[in-house]
Amino acid sequence: MPARLSQGAGIAIVPESAARRSARTLRGLRLTDDWATRQLNLCARSFEALTLQAKLLAAALV
């Protein structure tokens, strides 16, 4: 029986680092739509309770 064209086909949205690691075996396209922009958050149980060093790092990141 001949192989179907759809056999083994798939699509995924992955981080850029994963796409680079797989570049030898997979083709990738960069997503440029607004919804594809990742929102990053800095989180802590209590920013007031952080050590001085952690507070300084948090201040440098935001």
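Me: What makes a residue buried, partly exposed or exposed here?

Reply: Buried means under 20% relative accessible area, exposed means over 50%, and partly exposed lies in between, with a 1.4 Å probe and protein chains only. This is a predicted model in which local features need pLDDT of at least 70 and side-chain atom pairs count only at pLDDT 80 or more, while totals for chains, interfaces and linings use all residues. Residues are numbered from 1 along each chain as its sequence is written, and side-chain values use heavy atoms, with hydrogens and water left out.

Me: Why is Arg20 called exposed?

Reply: Arg20 has 55% relative accessibility, so Arg20 counts as exposed.

Me: What makes Glu16 and Arg20 a salt bridge?

Reply: The term requires a side-chain nitrogen of Lys or Arg within 4 Å of a carboxyl oxygen of Asp or Glu. The closest N and O atoms of Glu16 and Arg20 are 3.4 Å apart, and the pair forms a salt bridge. Both residues lie in helix 1, four residues apart, about one turn of the helix. Side chains of opposite charge can pair when their charged atoms come close.

Me: What other partner does Glu16 have, and how far apart are the closest N and O atoms?

Reply: Glu16 also forms a salt bridge with Arg30, at 3.1 Å. This pair links distant parts of the chain, with Glu16 in helix 1 and Arg30 in the loop between helix 1 and helix 2, 14 residues apart. Shared partners join Glu16, Arg20 and Arg30 into one network. The structure holds two salt bridges.

Me: Is Glu16 buried, partly exposed or exposed, and what about Arg30?

Reply: Glu16 has a relative accessible area of 43%, so Glu16 is partly exposed. Arg30 is at 63% relative accessibility and therefore counts as exposed.

Me: How many helices and strands does the chain have?

Reply: There are two helices and zero strands. Both terms refer to DSSP runs numbered from the N terminus: H or I of at least four residues for helices, E of at least two for strands. Helix 1 covers 16-21 and helix 2 covers 52-61, with Leu42 in the loop between them.

Me: What makes Leu42 part of a nonpolar patch?

Reply: Patch residues have over 30% relative accessible area and no salt bridge; like charges are joined within 9 Å, and nonpolar side chains (Val, Leu, Ile, Met, Phe, Trp, Tyr) within 5 Å. Leu42 has a relative accessible area of 37%, so Leu42 is partly exposed. Leu42, Phe47, Leu57, Leu61 and Val62 form the patch, with about 510 Å² of accessible area together. Such areas come from the Shrake-Rupley method with a 1.4 Å probe; for residues, only the protein chains shown count as cover.
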